[in-house]
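Here is a quick tour of a protein model for someone new to reading structures. Have a look at the sequence and the 3D view, then work through the notes below.

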Amino acid sequence: MIVGLSNPLKKYYNTRHNVGSWFIRHLSKKFKINLNIKKKFYGYVGLWKYFNSFIYLLIPNIYMNLNGISVYSISSFYKIKSNNILIVQDDLNTSIGKTKFIISYNSYGHNGIKNIISKFKKNTLFKRICIGIGRPCENNISLSSYVLSSPSKEEKKSIITSINDSTYIIEKFIK
């Protein structure tokens with residue numbers, strides 16, 4: 001399963017905190033995968049047949065600090081082990097337009113990841129694609145205000161480029 005962390009899409013889709021959902025939308029367009037709202041999973045779900053694998057795509061449609069409810073509900077229902085889950089998230093500690101791949105059981109302060117970890121067993125390792133959104137340049141902007149704001153046109157272009165360039169990670173994850 002590939003999860004793009006998200007706040008409710010109608011209100012927050014264009015914000016930095018929702019770049020995980022941008023990633024899933026990119027995959028769904030590129031590979032022509034339909035995403036449909038599934039209330040029992042608290043989000044948008046699609047099924048992707050990639051070579052001989054079936055992969056669920058998930059965009060939680062609840063608040064970021066509750067994303068674990070969505071991830072855990074679908075993984076429990078379909079018996080998807082945590083080592084077969086790839087989480088795509090925004091990352092304040094990575095420069096805008098950069099992407100990194102990590103395997104960790106640490107949230108590094110990300111509330112969506114904290115909630116996911118709390119729903120699974122402690123010390124569960126998760127594979128993650130961290131899409132850089134950078135940190136605010138101005139000291140008077142809180143981190144929550146920053147992640148819940150839209151990036152500038154230039155920043156969005158860099159983020160979209162990093163999303164496009166990161167599709168190779170998906171193939172590596174599946175194989």
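A residue counts as buried when its relative accessible area is under 20%, as exposed when it is over 50%, and as partly exposed in between (1.4 Å probe, protein chains only). Isoleucine 87 is buried, with a relative accessible area of 1%.

Keep in mind that this is a predicted model: local features need pLDDT of at least 70, side-chain atom pairs count only at pLDDT 80 or more, and totals for chains, interfaces and linings use all residues. Residues are numbered from 1 along each chain as its sequence is written, and side-chain values use heavy atoms, with hydrogens and water left out.

**Isoleucine 87 and its strand**

- You'll find isoleucine 87 in strand β5; helices (H or I, at least four residues) and strands (E, at least two) are DSSP runs, numbered from the N terminus.
- Which residues does isoleucine 87 contact, leaving aside its neighbours within four places in sequence? They are Val3, Leu5, Ile113, Ile116, Phe126, Lys127, Arg128 and Ile129, where contact means heavy atoms within 4.5 Å.
- Lysine 40 is 47 residues away from isoleucine 87 along the chain, and their C-alpha atoms are separated by 20 Å.

**Helices α3 and α4**

- Two packed helices are described by the angle between their axes and the distance between the axes.
- For α3 and α4, the angle is about 45° and the axes are 7 Å apart; axes are lines fitted to C-alpha atoms, for helices over the stretch in contact, and angles run from 0 to 180 degrees between N-to-C directions.
- That makes α3 oblique to α4; angles under 35 degrees count as roughly parallel, over 145 as roughly antiparallel, 65 to 115 as roughly perpendicular, and the rest as oblique.
- The crossing of α3 and α4 is right-handed, which is the name used if the near helix is turned clockwise from the far one by less than a right angle (left-handed if anticlockwise).
- On the α3 side, Asn67, Gly68, Ile69, Val71 and Tyr72 meet Asn115, Ile116 and Lys119 of α4.
- Sort the residues of this α3 and α4 contact and you get 4 nonpolar, 3 polar and 1 charged; Ala, Val, Leu, Ile, Met, Phe, Trp, Tyr, Cys and Pro count as nonpolar, Asp, Glu, Lys and Arg as charged, and the others, Gly among them, as polar.
- Helix α4 (residues 111-119) has Gly112, Ile113, Asn115, Ile116 and Ile117 buried, and its buried residues pack against α3 (67-77), β5 (86-91) and β7 (126-132).
- Serine 70 sits in helix α3 and is buried, with a relative accessible area of 0%.
- Not counting residues up to four places away in sequence, serine 70 touches Phe41, Tyr42, Gly43, Leu58, Pro60 and Ile62.

**Helices α2 and α6**

- Helix α2 (residues 19-30) and helix α6 (residues 153-165) pack with their axes 10 Å apart, at an angle of about 50°.
- That makes α2 oblique to α6.
- The α2 and α6 crossing is right-handed.
- Val19, Trp22, Phe23 and His26 of α2 make the contact with Lys156, Ile159, Ile160, Ile163 and Asn164 of α6.
- The residues of this α2 and α6 contact divide into 6 nonpolar, 2 polar and 1 charged.
- Histidine 26, which lies in helix α2, touches Ile163, Asn164 and Thr167, not counting residues up to four places away in sequence.
- Although histidine 26 and threonine 167 are 141 residues apart along the chain, 9.2 Å separates their C-alpha atoms.

**Isoleucine 174**

- Isoleucine 174 belongs to helix α7 (residues 167-174) and is buried, with a relative accessible area of 19%.
- Its contacts, not counting residues up to four places away in sequence, are Trp48, Tyr50, Ser53 and Ile55.
- Isoleucine 174 and serine 53 are 121 residues apart in sequence and 7.6 Å apart in space, C-alpha to C-alpha.

**Positive phi angles**

- Most residues other than glycine have a negative phi.
- Lysine 32 is not a glycine, yet it has a positive phi of about 55°; you'll find lysine 32 in the loop between α2 and β2 (36-38).
- Phenylalanine 51 has a positive phi near 55°, and this residue is in the loop between β3 (43-50) and β4 (53-60).
- Buried or exposed? Lysine 32 is exposed at 74% relative accessible area, and phenylalanine 51 is exposed at 62% relative accessibility.
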